[in-house]
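Try each task before you read its solution.

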Amino acid sequence: MQWSDYTTGERIKILRGQDINQTGLAEMTGLSVATIQKAEQDKQLTLNTLLKVADTLGVDTSVVLGQQAPRRAMAHADRSVLRALSQTVHDTAAGLLPEGVEAEGAASLRTAIDRCWDSYWKGLYTNAGALVAPLLPRAAAHLHGQPVGAQGDAWGLLADGYRLAAYVANLMGARDLAYAAIGHAQSAANRSDDELQPALVDSGRAWVYLRDARLGDALTLAEKAAADIEPRFSSATQEQLTVYGSHINFAAVVASRMRDKDLVKSYLSQSTATGARMGSEYRARGTLFGPVTADTQAVGIAVALGQTGKALSLIDDISDASLGALTEAARNRFAMDKAMAQADAKQWDASLDTLEKTLVEAPAWARHQALPSVIVQKVGHASTARVRRVSALIGVRPGIDAGFAPATSKTAL
């Protein structure tokens, strides 16, 4: 069922979701419960009601009226965070800081940035976005408080804030905001005195390109980012190897989307060598890399290339214990790749087992992923009851690629 097929009242009900009832929406809009009931029953919807409901639910009036569909899985909290994040990114870049914002020390800002990354790598993207929004003006205030000629470190902190905003926006499907934020990150990174910062931002922009299907541009930028920071293995620090390894891994991912198997092989070889040199997973600069990351990424790449047998063989070589070294988001992504490989091998029940376990354990992460619904479409030959149960977890109907999944469940895709 397409978004335009619903009535306006049904769209309002879907947009408020299970977290907000009619009484709650009435209180949030300042309207009466009777007014909300009439709107949802398609009995009466004045312009004033339309404007207040749309503003409260964080969508354009055209979404309420069915003229354009909302982003998938966009629950009320997601929309509110994106709106706040968009405002703070654009205002901070324009030098418009909130009244009363205080400059903080660099150490305090680094702690705040680390907290944002912690949420991000746990797959709590809405929470990460909520933390980034107030961080950006604080980082800008810190920058303005530094004397001319001694602002390099402060520019680096601001670049980290913008990069975080870009990552959250990209994962939540707000592509325009992702482009804007990564552009501001690039400007700040070029003024920092951190040699790794420009490459980190280049890699982030390449990821935005990838999600926007600009594969050639993504590969060019990913290769440049990796080349710019390629370290000497004999003297490289764990931080340098972490950043380099993650960049090389990403270049391999992009190459796999372009079906360039020779290039994939070359980059995976470098990724494996870097992971082996490190010996264990290491987390730095908003990323994590090591031998386990290299191995799990190789699985996803094999799946993307249609090398099902190779993917399953790689999966068998990865122990459950080793996965504990990964972030929650990385473990979840590996599980999706595993489920996809099992589905490609027509191991329907095993695929559903893997998928369902992840959806139940990480609903907040799964809500922003497209792969679960793709897997469900593939396993249509499995037991109807099981497919329906898993479909309910991600908010899609089995056997139907609806294009819009009502975000009425906390575990909706």
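Predicted model: local features only at pLDDT ≥ 70, side-chain atom pairs only at ≥ 80, totals over all residues.

**Exercise 1. Helix packing**

Determine the handedness with which α15 passes α18, then describe their packing and contact.

Solution. 
- Start with the handedness. The crossing of α15 with α18 is left-handed.
- Next, take the geometry. Two packed helices are described by an angle and a distance between their axes. For α15 (residues 291-304) and α18 (residues 328-344), the angle is about 35°. Their axes lie 9 Å apart.
- Now list the contact residues. α15 supplies T296, V299, G300 and V303. α18 supplies F334, D337, M340, A341 and D344.
- Finally, sort them by class. The contact has five nonpolar, two polar and two charged residues.

**Exercise 2. The second largest pocket**

Which element gives the most to the lining of the second largest pocket? Characterise that pocket as well.

Solution. 
- Begin with the volume. The second largest pocket holds about 490 Å³ of space.
- Find its centre. Of the 20 lining residues, R331, A335, K357, T358 and E361 are closest to it.
- Assign the elements. α17 (320-323), α18, α19 (348-361) and α20 (363-366) each give two or more residues to the lining.
- Pick the main contributor. α18 gives the most, with six residues.
- Check the classes. The lining has 10 nonpolar, three polar and seven charged residues.

**Exercise 3. A salt bridge**

Solution. 
- Count first. The structure holds 11 salt bridges.
- Check the distance. The side chains of E40 and R16 meet at 2.6 Å, N to O. The cut-off for a salt bridge is 4 Å.

Definitions and conventions: Residues numbered from 1 in each chain as written. Heavy atoms only, no water. Axes fitted to C-alpha atoms, helices over the stretch in contact; angles between N-to-C directions. Helix = DSSP H or I, 4+ residues; strand = E, 2+ residues; numbered from the N terminus. Left-handed = near helix turned anticlockwise from the far one by under 90°. Contact = heavy atoms within 4.5 Å. Nonpolar A, V, L, I, M, F, W, Y, C, P; charged D, E, K, R; others polar. 1 Å grid on protein atoms, 1.4 Å probe; cavity = no way out; pocket = protein on both sides within 12 Å on 5 of 7 lines; lining within 4 Å. Points joined across faces, edges and corners; volume = space filled by probe spheres on them.
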